[in-house]
Amino acid sequence: MRVTRVTTAELDRLEFHAVRSGEHGEVAARLLDLANRVDAGSEISRAELFVRAGEQWEIAQEYERACAAYQRAIDDGGATVIDARALSAGALLQLDEIDRAGAQLKRLESEKPRGLQTYLHVAEALYAHDDLAGAERWATEGARRFLGRDLTPYVNDLLWELLRIRFRIRADLGLPEDDLDRRLDEE
């Protein structure tokens, strides 16, 4: 088996191909193959390739395959943009595996996820599956954790997106406006 390195540009090309062609399953299989052959010095980690494969399987509505790819990322333990446990929980919710999804989220929450992208993903997944209280909790925790930090422009945009979805969730719950909701007036 030949070991390979994967760059961000190569990953972008594969994902753009999937969007243009609709061949999400084929791209997922290619990403899994790359993950199995990637060199330790690769720009894109093995775990991130497993995550990206899982995302392509989800787009193809192959949630069991997505869960398997996310589990490979979890087992690998490498760095990923969105924590693989959050992505796994979202795919498990699609399969109506509520208890398994909850267990993933409980483990994740106890360790305080590193990236804002993870908080946003969990809030959106829970909101999409009508767990408004859980979505509000995750959105609030993420917003409070990242507000006031020195953020890159991209992460700052994600923070505002998180604040907007949090506002919609709170409105759906009938909750009164709070200090985080009022932050949206600054945008």
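Let me begin with a term: a residue is called buried when its relative accessible area is under 20%, exposed when that value is over 50%, and partly exposed in between, computed with a 1.4 Å probe on protein chains only. What we have here is a predicted model, in which local features need pLDDT of at least 70 and side-chain atom pairs count only at pLDDT 80 or more, while totals for chains, interfaces and linings use all residues. Residues are numbered from 1 along each chain as its sequence is written, and side-chain values use heavy atoms, with hydrogens and water left out.

On the overall fold, the chain has ten helices and zero strands, where helices are DSSP runs of H or I with at least four residues and strands are runs of E with at least two, numbered from the N terminus. The radius of gyration of the chain, taken over C-alpha atoms, is 17 Å, close to the 16 Å from the globule rule for 187 residues, so the chain is as compact as a globular protein of that length; the rule itself is 2.2 Å times the number of residues to the power 0.38. Of the 187 residues, 47% count as buried. If we take contact to mean heavy atoms within 4.5 Å, then residues 24 or more positions apart account for 59% of the contacts with a separation of 6 or more.

Which residues does Gln-104 contact, leaving aside its neighbours within four places in sequence? They are Gln-71, Ile-74, Arg-85, Ser-88, Ala-89 and Leu-92. Gln-104 itself is found in helix α6, residues 98–110, and counts as buried at 6% relative accessibility.

Turning to charges, the structure holds 20 salt bridges, each being a side-chain nitrogen of Lys or Arg within 4 Å of a carboxyl oxygen of Asp or Glu. Arg-46 and Asp-76 form one of them, at 3.5 Å from N to O, and this pair links distant parts of the chain, with Arg-46 in helix α3 and Asp-76 in helix α4, 30 residues apart. Asp-179 and Arg-144 form another, at 3.1 Å from N to O; because Asp-179 lies in helix α10 and Arg-144 in helix α8, the pair ties together parts that are 35 residues apart in sequence.

The side chains of Arg-183 and Glu-186 also meet in a salt bridge, at 3.2 Å from N to O. Here Arg-183 is partly exposed, at 29% relative accessibility, whereas Glu-186 counts as exposed, at 53%. Finally, a network of salt bridges links Glu-136, Arg-166, Arg-170, Asp-178 and Asp-181.
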